[in-house]
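Subject: Structure for you to look at

Hello,

I am passing on the structure we talked about. Please open it first, then read the notes below it.

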Amino acid sequence: MRLRFLQQPLLACLLTLVVLLGQAPAARAAFTLPPLPYPADALEPVIDGITMTIHHDRHHSAYVSNLNGQIKANPALAGLSLDALQSRIAGFPEAVRNNGGGHWNHSQFWAVMAPQGQGGAPSSELVAAIDSAFGSMEAMQAQFNQAAAARFGSGWAWLIRRPSGELAITSTANQDNPLMDLPGIERGTPLLGLDVWEHAYYLNYQNRRPDYIKAWWSLVNWNEVNRRYLQAAPPSPA
Ligand SMILES: [Fe+2]
């Protein structure tokens, strides 16, 4: 009798502990949808408000909720930031690759755009790096536009800073990005990424992807690209 009296509170404590431990990783690991840094119609006439609303509130939101839905089956996600996940994506199933990439790519996409006239200008350091790698700003843009137009199906065009410090243009399929540890990807830190999925432009541009790409340059938030360029600097030699 005496033993049974002692066991019941002990059992209740243990059960509470198990429930709390079971909930803790999921609560810590939830990924969240960042708000647009400007009103949805602020990028008009280049990108219309309806496209921006659907793109952010439905497409990007779905990547975030689908990624969160993967946490239970992939407990290793629990301790990773969105940035850290990109460089370890090869260790996860395809659903994490697609939705984790989709979340990272779109988060950067909103940040590297600004309403026309509000994006500043490339810094002197960035201009020098572009001149060194491509010959001129116009030559860099032409190479970027070519990569964006030639991407078959859905994907992204990128201006990246390689680990060596120099700049390059590359392109990825679907929701892959240059941070990912995957074969066939030219790796580097993205400074500027353009979404060429049809959901990004189809209402206004239909099949005229090159017109969307050309118009998009007037939305680039150079202040953010300058910041990313400095942040991606290779470590100084000791
Ligand atoms: Fe998109």
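Of the 238 residues in the protein, 30% are buried (20 or more other C-beta atoms within 10 Å of a residue's own, with C-beta atoms placed from the backbone; 12 or fewer is exposed, in between is partly exposed). This is a predicted model, in which local features need pLDDT of at least 70 and side-chain atom pairs count only at pLDDT 80 or more, while totals for chains, interfaces and linings use all residues. Residue numbers start from 1 along each chain as its sequence is written.

The protein has nine helices and three strands (DSSP runs numbered from the N terminus: H or I of at least four residues for helices, E of at least two for strands). From the N terminus the order is α-α-α-α-α-α-β-β-β-α-α-α.

The largest nonpolar core has 32 residues, and Ala157 and Leu159 touch the most other members. A nonpolar core here is a set of buried Ala, Val, Leu, Ile, Met, Phe, Trp, Tyr and Cys residues joined through C-beta atoms within 7 Å. At least two residues of this core come from each of α5 (124-134), α6 (137-150), β1 (155-161), β2 (167-173), β3 (189-195), α8 (209-216) and α9 (222-231). The most come from β1, which gives five residues. Beyond its neighbours within four places in sequence, Leu159 is in contact with Phe144, Leu167, Ile169, Leu191 and Leu192 (contact: C-beta atoms, placed from the backbone, within 7 Å). Another core, of 10 residues, lies apart from it and includes Tyr63, Leu67, Val96 and Met180.

The axes of α5 and α6 come within 8 Å and cross at roughly 65° (axes are lines fitted to C-alpha atoms, for helices over the stretch in contact; angles run from 0 to 180 degrees between N-to-C directions). α5 is therefore roughly perpendicular to α6 (65 to 115 degrees; under 35 is roughly parallel, over 145 roughly antiparallel, the rest oblique). In this pair, Val127, Ile130 and Phe134 of α5 meet Met137, Ala139, Met140 and Gln143 of α6.

The axes of α2 (residues 49-68) and α4 (residues 94-111) also come within 8 Å, crossing at roughly 135°, so the two helices are oblique to each other. On the α2 side the contact is made by His60, Tyr63, Val64, Asn66 and Leu67, and on the α4 side by Ala95, Val96, Asn99, Gly100, Gly102, His103 and His106.

Regards

Technical notes
Contact = placed C-beta atoms within 7 Å.
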